[in-house]
Every structure is written in C-alpha cells, then in structure tokens.
Amino acid sequence: MRILATVLLVCSSLALAQARPEDGGHELQWWAGSGHSVAGGSAKTGVFNLGLRYGWILSRPHGPGFLKGRFEYAVDAVPAFLVFQPTNEAYGVGLNPLNLKWDFATRSSVVPYLELSGGTLFTTHDVPTGTSNVNFTSGVAVGTHLLRETYNWSVEVRYMHISNAGLTSPNPGVNTVQVRVGLGRFAARERQGRRGHP
C-alpha cells in the first residue's frame with residue numbers, strides 16, 4: 001500500500017508539472033474574447049474574436065521577488081473576428097505574429113501574466129466604416145492561468161487598438177476593452193537521457 005501510494009503521488013506530481021509553464025516548454029490554447037469600444041476612437045462598436053495560440057517558453061525564471069517570471073513568445077491565428085458597427089457587421093480573419101508574454105513564477109495553481117501583442121486584421125467591410133478593410137491590431141493584457149493536471153483555463157482583460165496605420169485618411173481607429181477566456185495546456189519539453197553524454 002505504501003508503494004502504491006508513493007507511485008500515485010509521484011504520478012500526480014508529474015502530471016501537475018507538465019501543466020505548468022516551464023523553460024523550453026510550449027503552450028497550446030484555444031481562446032475567445034469579446035468587448036466593446038471605449039473612448040479615443042470610433043464609438044458604438046462591439047467585437048468578438050476566436051483564436052488558436054502556440055507559444056514557446058524561452059527562459060528560466062528571472063527577476064526580483066514577486067516580479068520573477070518566465071518570458072514567452074507566442075503566435076495567434078484568428079479565424080473569426082467579428083466587428084459590430086452601427087452601419088454594418090464586418091467579418092474578418094487575422095494573424096498575431098507578435099505576442100510577448102511574462103508568466104509570473106508562482107508555486108500555486110494560479111499563474112498571473114502580462115502581455116503585449118500586435119497583428120493584422122482583414123475584414124469584409126471597412127473598420128471603422130469609410131476607412132479601410134486592412135487594419136493592424138496592438139494590445140496589452142493582464143490575466144491569469146488557472147492550472148489543472150492536464151489542461152488549464154485562462155482569464156484576462158485586454159485593451160486592443162484597431163487602426164489602419166495611416167493607409168487611409170481619416171484614421172479614427174477603434175479602441176476596445178475585451179474579456180478573453182482560454183482553454184489550453186502547457187507541454188514540458190522532452191528530456192533526453194544523459195547516457196553517452198559527457
């Protein structure tokens with residue numbers, strides 16, 4: 001019984017470790033976000049977007065005290081981006097090749113993070129109306145991962161700016177605040193045995 005209990009404890013510990021951000025590991029996640037426009041751009045605009053993320057955890061924990069964390073780089077494919085404007089509804093797709101993420105190093109199942117992101121957005125109608133159907137997105141997010149043994153949830157608040165970067169004039173842009181929820185997993189890197197290595 002003691003051996004069985006020990007084996008179960010070790011297995012559960014390994015499963016939990018595989019679900020935690022780890023240097024050299026990867027993140028795979030489906031996410032969905034929704035929000036509304038705020039001051040500083042076109043008003044009365046709602047957004048909904050759905051995406052798939054793949055991330056690379058590039059560093060070991062660095063930094064002092066509670067700021068200690070790991071650096072992660074990620075890419076998002078966005079197959080659905082809906083923009084609800086007063087004049088029409090625009091359907092779009094996007095690619096976010098730049099996501100710079102700081103996963104705070106914690107010992108608990110709650111892992112906060114900060115993120116800066118940038119990408120492109122292509123829509124069926126001009127966003128905002130009368131401007132361009134090719135836009136660029138930039139954003140900042142604060143959120144947290146809720147770790148489980150295999151999969152994890154994430155919840156975040158994201159500020160996103162949508163703009164055509166001067167491709168047309170005027171260029172009022174759209175500023176949004178969104179809530180994003182994700183379901184994914186962290187995969188640990190494969191560890192090779194040391195046999196045969198100096």
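Y73 first. In this predicted model, Y73 has 26% relative accessibility, so it counts as partly exposed. Its partner is W56. The two rings are stacked, 5.9 Å centre to centre, with 20° between the planes. That pair links distant parts of the chain. W56 sits in strand β2, residues 46-57, and Y73 in strand β3, residues 69-84. They are 17 residues apart.

A search of the whole structure gives two aromatic pairs. The one still to describe joins Y54 and W56. Their ring centres lie 5.0 Å apart and their planes stand at 75°, so this pair is edge-to-face. How accessible is W56? Its relative accessibility is 32%, so W56 counts as partly exposed. Y54 comes out at 35%, so Y54 is partly exposed too. Put together, Y54, W56 and Y73 make one aromatic cluster.

Next, charges over rings. R180 lies over the face of W31, and the distance to the ring centre is 3.5 Å. R185 places its charged end over the ring of Y151, 5.8 Å from the centre. Keep R180 in mind. We meet it again in a moment.

On to empty space. Rolling a probe the size of a water molecule over the atoms shows where such space is left. How many cavities of 30 Å³ or more does the search find? Two, over the whole structure.

Take the largest cavity. It holds about 120 Å³ of space. It has 18 lining residues, and those closest to its centre are F81, N96, T137, M160 and R180. β5 gives the largest share, four residues. By class, the lining splits into five nonpolar, ten polar and three charged residues.

Then the second largest cavity. Its space is about 60 Å³. There are 13 lining residues, and nearest the centre lie Q29, R53, Y113, S154 and E156. At least two lining residues come from each of β1 (26-37), β5, β7 and β8 (174-187). What is the class make-up here? Two nonpolar, four polar and seven charged residues.

Methods
Residues numbered from 1 in each chain as written. Predicted model: local features only at pLDDT ≥ 70, side-chain atom pairs only at ≥ 80, totals over all residues. Heavy atoms only, no water. Phe/Tyr/Trp six-rings, centres within 6.5 Å; stacked < 30°, edge-to-face > 60°. Buried < 20%, exposed > 50% of the residue type's maximum accessible area, 1.4 Å probe, protein only. Lys NZ or Arg CZ within 6 Å of the ring centre and 35° of its normal. 1 Å grid on protein atoms, 1.4 Å probe; cavity = no way out; pocket = protein on both sides within 12 Å on 5 of 7 lines; lining within 4 Å. Points joined across faces, edges and corners; volume = space filled by probe spheres on them. Nonpolar A, V, L, I, M, F, W, Y, C, P; charged D, E, K, R; others polar.
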